[in-house]
Amino acid sequence: MSAPSPRVIEHTSPDSDHRKTPWRNIAGPKTLWSDDPSHPVKVALRTYSLSVSLSLGPALLPVALTLVNRSSSLETRLDAFRRVLRREVGITGFPFAITVAVCGGIALKHFWETVGVHHVDKQDDPEVRQQPVVASTSQRRATVVSLAAQVYLCMSNSTPSQKAFLSNILSSTIALFLLQRTRPSKAGSRRPLATFGLTLLFFCRATDAITQHFLSMESARKANKFNISANQSRLKPSGPSADLLLLPAEGDGKAKNWHQSTAACLDAVVFWACSARIMWCFFYQPHRLPPSYVKWISSLANVDKRLLDALRVMRSKEWVYGHSSAYSHLLTSYAKDRGYPSSWGDPQVLPACGGTDADVVWQALGVPGRNGLGGLPCEILHSGVTTRWGLDNSCLTNVGVRFILAFIEAMALYLPVHFLPLLLTRPSSILQRHRAIPTILAAIRSATFLSTFLSSYFFAACLTRTLVLAKLFPWIPHDVWDGPYGSVLAGSLTCGWSILIENTRRRGEMALYVLPRAVKASLPAKWIAGNHAGARLAERIVFVLSLASLLTFAVHEPESLRGLSRWTLAFVMKGPNAGFRKKCKEDIETSPPTPTSPSFNSTSTQSVDRL
C-alpha cells in the first residue's frame, strides 16, 4: 500500500508530532477526560443520564403505584422493582444501548483517526522497519491495529460527514442488537416489534432532517442565483469585475423567506394527511393507534362508546337502515339514555333515503327539522350539553358548544406547555409584562387551533349528512353518508387544516408528533407483527440508517434538525451550553441566518472539516 499523503496526517492532527508519541499514550488519562464538551466520555455521561431519566420514570411508575396501593405482598412488589431496575439499567437496557449508539460512533471515528495516523508514522519510521518480526502478543496487537489503519486509510478520501455516518452505522447496529436482545418478540405473536416505536420515531426525524437539508441547499442556490443576477444588473460597464464580490448578498433574505414558507407549507400538508388518517382510524380501527392516544381523543371529543361501535358495525354492513340488526341495541339504548324515544336509534324504523316517504316517518316518530332527509337524527349525534339547553336540534349550536368546551380543556393543556420553558429558563420573567403577555397569547392561539380541530370535524360531518350534501342528493342512502366514506371521511379531511391557525414554528414539531402514529396506522398489520421476517429485516435497516443519519446531522449539520431532536442532540453532543438556554437566548436576541450548503459556501465547508 502506498504511503498516504501528508494532507491526511495534517487534517487529523496538524499540531502534534505523532512520531514521538508512544502508543500507550493514545488512551492516556488526559485523553480520557478532556475539557472539550464533545469528548466521547462526556457525551456518554450526558446520554446515559438523559436516557435513564426518560426510560426509568415511566417504567417505575406502575411499580410505584403498586407500592402505594399495597395490592400485593411486599416481596412481590420489591421483586417487580428489582426486575424493572435490572431491565432498564442493565447492559441490555435502553439507556446503555442508546449510549453505545451515540458515543460509540464518535469514539470509533476518533479511534480510526488515531490508529491511522499512528500506523502511518510507524510505517515511516526507519527504526521500526529494521526490527525483526516476532510472532508475539504485541505483534498480534500490531496486526489488529494495522487492519484498523487499513480501514481508515480506505476511508481517507471520504468527507468527515461520511466517516461519521459509517461509524454511526456500526454503533447503531450494536445498539439495535442490545435492544432486540433484551426485548425479543415471540414467534407467531401479534405483538408489535419491540423497537418498532423507536424505529418510526427515528425514521420520521431523520426524514425531516434530510428534507430540511435539501431545502437549505435549494435556498442557497436561489440566494446565489439572485445575488449574481442582481450584481450583474448593478455592474457598471467601466467598473472592474472584482466589484461584484463587494456587493451585499441581497438574495439571502428572499431565500430565507422561501425556505421558511416552504417548510411551513410542507408541515401543514404533513399534519393534515396524518391527522386525517389518525381520525379515520380513531372511529374505525382504534387498535392501530396507541391506547393512551385513543383515550385522549375520546375524552376530548366526548363521544359515547356505543356511538363509535355503531359506526363500526355500519362499516361492516351489520347495521343497515331499513333492516333489523343484531346491534340495534347500541343506538336504541343510547337514544333512551339521552332522553329520546328508543325508536330514534332503531335501524329498522329509520328511513335510509330522503324525500316525502322520509317526512312521513319523521312525523310519526316526532323528529323535528329533518324534512327531506334520512338517517339518524342529528340530536343523537350532538353533544349532551345542547340537550340540557334545549338546543340539540341545531348543528351550528352543537359546533359552537363543542368549540367552547374544547377551548377550555385546551387552555388547561397549553398553558403549562407554553409557560414551562419560561419557568425552566427565565423564571423571574413570568412577572414581566413583555414576557407573560406573548406567552398567554401563544397559549390562546394553540388552544384555538385544538378547539377548531375538534369543532371543524363535527361541522364537516353535519354539512355532509344533514346541511348540504344529503339535501342535494336525497336519493343516496344514508348508509353512504354515515359510512366510512361519508361524514367520517369528510370530517377527517377537514379538521387537519386547523393547523394553519398555529404558529409556523410549532407546525413542524406537531407534524413530527403525529407522523409516526400515522405511519404505523397505515402499515399492514402483518408488517407490524413480530412474526414477519421481511418486516423485521426492514425495521432493522431503517432503525440503523435513521439513527446514524440523526447522529451525523447532529455533528455536521445541526441546523437541519428541528424541535426536540435538535435540542436533545445539541445537549448530548455539546453540553448544556448548546441546549435549550442558548437556543432561547439566540431566538430572542438575533435572527438565525439563512442555512447554506457547503457547495455554495466555503465557510460551511471549513466548519465541517474542523468537526
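This is a predicted model: local features need pLDDT of at least 70, side-chain atom pairs count only at pLDDT 80 or more; totals for chains, interfaces and linings use all residues.
View 1. Two elements, α18 (433-467) and α19 (469-472), each give two or more residues to the nonpolar patch.

**View 2. The crossing of helices α18 and α21.** Two packed helices are described by the angle between their axes and by the distance between those axes. Here, the axes of α18 and α21 (residues 487-495) come within 8 Å and cross at roughly 140°. The crossing in which α18 passes α21 is right-handed. On the α18 side, the contact is made by Phe453, Ser456, Tyr457, Ala460, Ala461, Thr464 and Arg465. Helix α21 contributes Ser487, Val488, Ala490, Gly491, Ser492, Thr494 and Cys495 to the contact.

**View 3. Asn302 in the loop between α11 and α12.** Most residues other than glycine have a negative phi. Asn302, a residue other than glycine, has a positive phi, near 60°. The loop that holds Asn302 runs between α11 (291-301) and α12 (305-315).

**View 4. Lys317 in the loop between α12 and α13.** Although Lys317 is not a glycine, its phi is positive, at about 65°. Lys317 is placed in the loop between α12 and α13 (329-337). With a relative accessibility of 60%, Lys317 counts as exposed, since the class begins over 50%.

**View 5. The setting of the close-up views in the whole protein.** The protein has 27 helices and zero strands. Of its 611 residues, 42% count as buried. Among contacts in the protein with a separation of 6 or more, 71% are accounted for by residues 24 or more positions apart. The accessible surface of the protein comes to about 32900 Å². Carbon and sulfur atoms account for 63% of that accessible surface.

Terms used
Residues are numbered from 1 along each chain as its sequence is written. Side-chain values use heavy atoms; hydrogens and water are left out. Helices (H or I, at least four residues) and strands (E, at least two) are DSSP runs, numbered from the N terminus. Axes are lines fitted to C-alpha atoms, for helices over the stretch in contact, and angles run from 0 to 180 degrees between N-to-C directions. A crossing is left-handed if the near helix is turned anticlockwise from the far one by less than a right angle, and right-handed if clockwise. Contact means heavy atoms within 4.5 Å. Buried means under 20% relative accessible area, exposed over 50%, partly exposed in between (1.4 Å probe, protein chains only). Accessible areas come from the Shrake-Rupley method with a 1.4 Å probe; for residues, only the protein chains shown count as cover.
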